[in-house]
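Student: Could you take a close look at how the parts of this structure touch one another? I would like one connected account, with every cut-off stated where it first matters.

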Amino acid sequence: MANPNGIGASVRRREDARFLTGRGTYTDDINRPGQTHAVFVRSPYAHARITGIDAAEAMQAPGVIAVLTGADMEADKVGSLPCGWQIHSKDGSPMKEPPHFPIARDRTRYVGDAIAVVIAETREQAKDAAELVMVDYEELPAAVTSLKALEGGAPLVHDDVGGNVCFDWHLGDAAAVDAAFAQAAHVAKLDLVNQRLVPNAMEPRAALGEYDRATGEHTLTTTSQNPHVIRLLMGAFVLGIPEHKLRVVAPDVGGGFGSKIFHYGEEAVVTWAAKKVGRPVKWTAERSESFLTDAHGRDHVSHAELAMDRDGNFLALRVSTIANMGAYLSTFAPSIPTYLYATLLAGQYKTPAIYAEVKAVFTNTVPVDAYRGAGRPEACYLIERLVEVAAAETGIDKAELRRRNFVPASAMPYQTPVALQYDTGDFAKNLDIALPLVDYDGFAARRGESARRGKLRGIGFATYIEACGIAPSNVAGALGARAGLYESAEVRFHPTGSVTVFTGSHSHGQGHETTFAQLVSERFGVPIENVEIVHGDTSKIPFGMGTYGSRSLAVGGSAIVKAMDKVERKAKKIAAHMLEAAEADIEVKDGRFVVAGTDKALTIGDIALQAYVPHNFPLDELEPGLDEQAFYDPKNFTYPNGCHVCEVEIDPDTGVVQVVSFAAVDDFGRVINPLIVEGQVHGGLVQGIGQALYENCVYDEDSGQLITGSYMDYCMPRADDVPSFTVRYHEDQPCTHNPLGVKGCGEAGTIGASAAVMNAVVHALSEYGVTHLDMPATPERVWQAIRRHTPAQAAE
Amino acid sequence: MPCTVSMTVNGKAVSREVEERTLLVTFLRDQLGLTGTHVGCDTSQCGACVVHVDGRSVKSCTMLAAQADGAAVTTIEGLAAADGTLHPMQAAFREHHGLQCGFCTPGMVMSAVDLVTTNPSPSEHEVREGLEGNICRCTGYHNIVKAVMAGAEAMQGGTMKAAAE
């Protein structure tokens, strides 16, 4: 009988019981005896010299314990927040890596940059006193947008970074691309902006620092997707705390979407300050502070050209992108517009030659780093918009043009011209499932029906592929990563047969406590309620790299499998001993250890008990205990892929775009928990739709003030903005290089959706001659586009 | 100036001295330790802090604790039965995977219960409009809407059953 809680079952989530009853424990929910509260004084200027800080009045305010500044940190030899990835420019020179101190020292470089921290008995007292800290600024001109920062004579964000260029990088074969363009029958061109976004996990960032004088141990509780990464970066580079004296805990975390990967200055400040004031120090961001200080996402300006032959076969792709890094390099910022972006520019197509140039630019804005998809949505959006333009210009049906250029399943594994090797994927199959699902043939009739109601209707595709399961350490290292990218696991059987699994992955909504337990239940037949998943605490789990890049199951799950392999090997030895059989004769069947060809069998529970009560173990051959650890480093990325189809209706009088239907057909390899996978897709789709239609992070181009600094100004998608979705997946193309055959599903929705929506919007507007619109397609932008393209006589 | 506020929270009478400016959500979280109610924004947009005050859903970041003086407040901690049996809406959220990170969930569930109390058989459109004041970044709303529809049905079933008894 199939295990009802095994692989492939939609097991209801085990973590829900606490979340649904208000018993989750998020960082701000934790309070310690003697706890103090930190509030930051932040720069109101995008760029200014700090000429003086007078904290005298603030120090006199009720409840204030300390006001600390960058100078105090400098005196304590606190270091700069390190960057975890190094890129080299075309000329071989390393990227410019200016220091990034947790509290600014002499200059502030974005609105929200920390200037001082006030520590008081209550949050309110700290807030009141922060108002009393007098900072003298000498305002400097700011470089706010990437394009303006590149102009000659632009203000320099860092004096020693000429032209504000962090790096000028490229990938691919320029000569082959030039040669192909020279032969092209048609070239499609597109200028596009992938606008800046604010990740907006619903839980604002928070950090609680503690110091134990008795043991000399520091503890940081923080809203992180990867506590060990924070421990390593903060301990080794910023505060100089050895790892055995530093514990980092990421308890329940309310969403991350990339923004909680990075090591932020506030984490270092509360950890450092807790020792300084001798009491726990807690900081929790207000939402407006999150807008100002969480790392933002995207912010690319690109030009792209696609060369085709007479039949619409893609010959070459040329891309030039300017990527905004913000004021400093956030933890993984340089990898996003390079190895997570340009390497994906082949998409699902067999384009033989590709060349991409990326210029990364410093500006007086908050740092930009990974946000759900991280580089891959930017790549997908660029390719899929360009393909749609090509289809419109050549008159080839957009589904057909894609099909004609797909890498065929028979060509797998497929080496792209931009470094990656796809292991599996049947892109035509995805399309074959999608077309009838959305009744593609019936679109013309639906468009006619919309027209009769005075509405414009459009249909748009996005066929995406992403590199997930990040990553093989050797590949990442060769590309500039300053960390390994394996994952760890420990599977500990207890004497009575229950199991604790310690994972280096971190769950902040993904449901690991359920999915990972399914893996164990399936393998050993242990009831799922007897399996506990522990994550997020460096004092409990082995060194882990955490959760991002849709890597938890592909890398973290594989590490659990590897640890279970070791458990099984040991259990076989114990079973052989107990059953007085040869180890080679022990078979594992439905979670039972059976002597081949006999009815002699043991459960893993029998074996576990024996492992811890080894009264007659041959100790020279067999150690007591049943507790195994494994590190898994993948051989390759995984390559989830799919076909998204969106249909929109636009009211030409108001410019309002309504997503009337959205279908996603995905290949995630093997699926462990369909319910959770579908949930990941739904959430991803809405973040993609959010980018396409609603979200836009806007700084004032002159002053550098954040215009969209709250939910009243930054439009988050809400329940009545989006439809219900049609989600399908197939499992015919399992990943070939990890033991579960899984590919990852966390980012797929976001990667495909923006392009599918925008293609549908532009298609709807095509009767007005609109060929491109930048995101977000707000009513105002759509209405303006319609007006711009309406012939004067028709408008009269 | 501190002031004394008294109210019933999840059926229990409480009385505390607070600063006058104390928000209801701060009172619940910091004074009473009821950390199930969350703070997701500072502009009353996100709905993570929704509780029931005298049976109506309220964004508890928009109300002073002093304004709730004398009121009956229900938070997410007070929604399930005393024996731990989940409220039908909580159960529906679990059954339909209507939550991921769980941060918006308490507010979402409290809003949904109020929505269904006001409109016992909402259409999908009405559910979506009714939840417009609650932001979720994880689920894409798809499964929340399914959960609320199912929760509405279960709540009605429960009411009908109770009436028949």
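Tutor: Two residues are in contact here if their C-beta atoms, placed from the backbone, lie within 7 Å. The model is a predicted one, in which local features need pLDDT of at least 70 and side-chain atom pairs count only at pLDDT 80 or more, while totals for chains, interfaces and linings use all residues. Residues are numbered from 1 along each chain as its sequence is written, and chains are lettered from A and ligands numbered from 1 in the order in which they are written.

Chain B is split into domain 1 (2-78) and domain 2 (88-164), with bounds that come from an automatic or database domain assignment. Taken over C-alpha atoms, the centres of these two domains of chain B are 22 Å apart. Where they touch, domain 1 of chain B contributes 15 residues and domain 2 of chain B contributes 11. On the side of domain 1, strand S3 (50-53) and strand S4 (56-59) of chain B each give at least two residues; strands (E, at least two residues) and helices (H or I, at least four) are DSSP runs numbered from the N terminus. S3(B) has the largest share of that side, three residues. By class, the side of domain 1 of chain B has six nonpolar, eight polar and one charged residue, where Ala, Val, Leu, Ile, Met, Phe, Trp, Tyr, Cys and Pro count as nonpolar, Asp, Glu, Lys and Arg as charged, and the others, Gly among them, as polar.

The two chains also touch each other, with 42 residues of chain A and 45 residues of chain B taking part. On the side of chain A, the elements that give two or more residues are helix H1 (16-20), helix H9 (287-293) and helix H18 (674-693). H18(A) supplies the largest share of this side, seven residues, and the side as a whole divides into 16 nonpolar, 14 polar and 12 charged residues.

Within chain A, the assignment gives domain 1 (31-140 + 202-255 + 260-293), domain 2 (297-470 + 636-795) and domain 3 (486-632). Although 40 Å separate the C-alpha centres of domain 1 and domain 3 of chain A, the two are in contact through 16 residues of domain 1 and 14 residues of domain 3. The side of domain 1 of chain A draws at least two residues each from H7 and S11. H7(A) gives the most to it, four residues, and the classes on this side are eight nonpolar, five polar and three charged.

Elsewhere in chain A, helix H11 (398-405) and helix H12 (427-437) pack at about 160 degrees with their axes 10 Å apart. H11(A) and H12(A) are therefore roughly antiparallel, the term for angles over 145 degrees, while under 35 counts as roughly parallel, 65 to 115 as roughly perpendicular and the rest as oblique. In this contact Ala399(A), Arg402(A) and Arg403(A) of H11(A) meet Ala428(A), Leu431(A) and Leu435(A) of H12(A), which amounts to four nonpolar, no polar and two charged residues.

Key: Axes fitted to C-alpha atoms, helices over the stretch in contact; angles between N-to-C directions.
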